Amino acid sequence: MATTQFDTWNAITEPDEFIKAALEEANIPALMVSLVHITGDMNIIQGDICPHPRVLGDPYVGITEAQRATVRAQALEILKTYRDSDCRLPQAPTVDQVREMMNFLVGEPLSDDYGQFLMGELSLGGGNPYAQPGLRDILLEKRRAFHVIIIGAGMSGILAAHRLKEAGISFTIIEKNTSVGGTWFENTYPGCRVDTPNHIYSYSFKPKDWPKHYSPQDVLLKYFNQCADEFGIRPHICFNTSVESAEFDKKTCTWRVRVKSADGVSQTLEAHAVISAVGQLNRPRLPDIEGRETFNGISFHSAKWEHEHDLTDKRIAVIGTGASAFQFVPEIAKQAGEVFVFQRTPNWIAIEPVYHDDIPEGKHWLLNHVPFYAKWFRVFRFWHNAEGVLAWVKKDASWTDQAHSISAANDELRVQFTKGMKSVLGDNADLLQKCIPTYPPAGKRMLVDNGTWLKTLKWEDVHLVTDPITKITETGIVTKSGETYEVDVLIYATGFYPSRMLWPMKIKGLGGIDLQEHWNGNPRAYLGMTIPKFPNLFCMYGPNTNIVANGSIIFFSECEMRYILGCIKLLLETGCAALDCKQSVHDTYNQWIDEGNLQMAWGASNVRSWYKNSQGRVTQNWPFTLLEFWKRTQAPKKSDYTLYKPAATPRTSPSVHHRHGE
Ligand code: NAP
């Protein structure tokens, strides 16, 4: 059974004072359930002190300071006894007791399926909640003979490779970049960091004692590099190589994948299946603004940062105020002479005081020394930052003021965010008016930091411009009111082409049908993964698998990979060579998704965002619970697919291992 860093813990040898200080940093609910493991005493979680799940914006989930002090004092005594008795644990809690502990942690009684789901996440006995059982029972020769091409070696591609390797299935990864990491390799702009809590932004099977609550890009890139090395997948990667096209051959039931290396050499590879792990935010978008080409100064997109330019004392224009600008503007403003930030739509901002902070020493110690604490802490984060949040962004049709909020809970969120933003902007009426959105929270992607962005906007040499841009000239930007902004540098923080999924690859399915033409800017797939007429093509982070408020995208990738392995298992078990999603299954599913998205804040008609395509349909987001995705992606239903047998064998053995050096 696979073990992780947090399946074991270090013995406690530290003096009382040290333990006491460390406990100051404890997450109280996670600590309390850990104390049950250490003492076997369920009374610890059966008293008055318990989390209240619906306390908005309260990191202590309703547990008062006095109650926290009581728990810390109790924990100190328990940990001292545990230390002084050679760190021996009593008998493990029963399954029913663990369920009760789980209910306590989330603050409400969970249904059976939620219990099962979170118990998997908790993975107390090690093991892997996202594995595909039974696949390894299939003859190794059969598994090895099945070859998969994975496109992309980012977070999803590394995961896919790792799972295929575990399953004994052969694969090749095609990666356009010179190394692994995907978005964390490409986005190197100053200040780039994750904004999902890091303890849930990590593979379930590879938890890490992160240095910060929200790590910067270099730490994440290192993590994914370490994973690639540790999982032994690097030798399977063709770096500096792009997929140009892929075509399904019905006779052989294989994909012919045309790749081109950076030195211009093309070749055609064959595979039984293709996994696209290219992500949704992979192709930078420059805005369609008149005169863009005429600008004579330095210009670049945030996802292709040109580090060679010294920005000291420069006059800089930044177009866009999404998650990328939000992170780099405060950094470049430190050196620049003047920064003009061009905002088209403001964003809702959640103020997270520890956003930039290191994880304190006490917290590290708890994660590494208190039995099971790290596991329960992850589940706490998982629930309270994910599933627990969904209720705040769901529409209540009877709520009257739909333009500003979509339900009473969503309105509470609006009030809470407004209060947080006002606490930083103070009495700067002009900035308040510009920065506080009028649309419902979660209508667009919400941003999170410790107030740095808003503070930066208050600086004398930083200017938030809301007058719409009318054109770009040789020397700067002109706005609607006729104002001209002369700048040395123009940075486009204008996002990506999310609706053009898998673009610019040319992908042809049954009967030569072209995927881009078929989708026509309106990508859809069954479970975000399979598309009728494109057999054995699987998307990871495909249509409608993005999340706005609830959780980590890594969770989705793990579910997706479990499902894809299930599809491969189905093929190997049945002796079939390809599976093709039934149109009716796909259509019914997508209707359900569309109806679901209309019930969510991001479906609101008065908001423009990258979640929607040009027709206003939400193409990117998953509108339901994580549990729902987890349940639906356990394993494929055979009846959802048409299965094919090949009429001919492939011309070559579809297994190619080429490595274009890193
Ligand atoms: P984005 O959220 O799509 O933001 C693009 C910005 O450019 C928006 O402010 C948009 O305004 C503006 N814009 C686009 N075209 C324009 C035009 N013609 N004129 C004026 N303004 C224009 O892009 P992003 O900031 O790169 O972020 C994309 C996504 O990447 C995020 O939502 C997030 O999912 C991910 N990301 C995550 C992190 C993180 O985890 N920390 C960091 C960066 C990015 P409108 O709002 O009016 O359209």
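**Entry 1: the interface of domain 1 and domain 2.** I started with the area buried between domain 1 and domain 2, which is about 1,600 Å², with carbon and sulfur atoms giving 63% of that. Buried area here is the accessible area (1.4 Å probe) that two parts lose on being put together, summed over both. Phe117, Arg378 and Arg381 supply 34% of what domain 1 buries against domain 2, more than any other three residues.

A note on the source: this is a predicted model, where local features need pLDDT of at least 70, side-chain atom pairs count only at pLDDT 80 or more, and totals for chains, interfaces and linings use all residues. Residues are numbered from 1 along each chain as its sequence is written, and side-chain values use heavy atoms, with hydrogens and water left out.

**Entry 2: where the domains run.** I noted domain 1 as 16-125 + 360-387, domain 2 as 138-283 + 498-657 and domain 3 as 292-354 + 397-492; the bounds come from an automatic or database domain assignment. The C-alpha centres of domain 1 and domain 2 are 35 Å apart. For contact (heavy atoms within 4.5 Å), I found 17 residues of domain 1 against 19 residues of domain 2.

**Entry 3: charges across the interface.** How many salt bridges are there between domain 1 and domain 2? The count is one, taking a salt bridge as a side-chain nitrogen of Lys or Arg within 4 Å of a carboxyl oxygen of Asp or Glu. I also looked up aspartate 113, which forms a salt bridge with lysine 631, their closest N and O atoms being 2.8 Å apart. On the side of domain 1 that touches domain 2, the elements giving two or more residues are helix H5 (112-122), helix H11 (361-369) and helix H12 (373-384). Helices are DSSP runs (H or I, at least four residues) and strands likewise (E, at least two), numbered from the N terminus. H5 gives the most to that side, with five residues.

**Entry 4: the ligand.** A side-chain N or O atom of arginine 445 is 2.9 Å from a ligand oxygen atom. Tryptophan 610 has a polar side-chain atom 2.7 Å from an oxygen atom of the ligand.

Entry 5: Most residues other than glycine have a negative phi, and most peptide bonds are trans. Tryptophan 503 and proline 504 are joined by a cis peptide bond, with omega about 5°. Proline 504 sits in the loop between strand E17 (489-492) and strand E18 (506-508). Cysteine 87 is not a glycine, yet has a positive phi of about 55°.

Definitions and conventions
A polar contact is a pair of N or O atoms within 3.5 Å; within protein, one must be able to donate a hydrogen and the other to accept it, and residues adjacent in sequence count only if both atoms are side-chain atoms.
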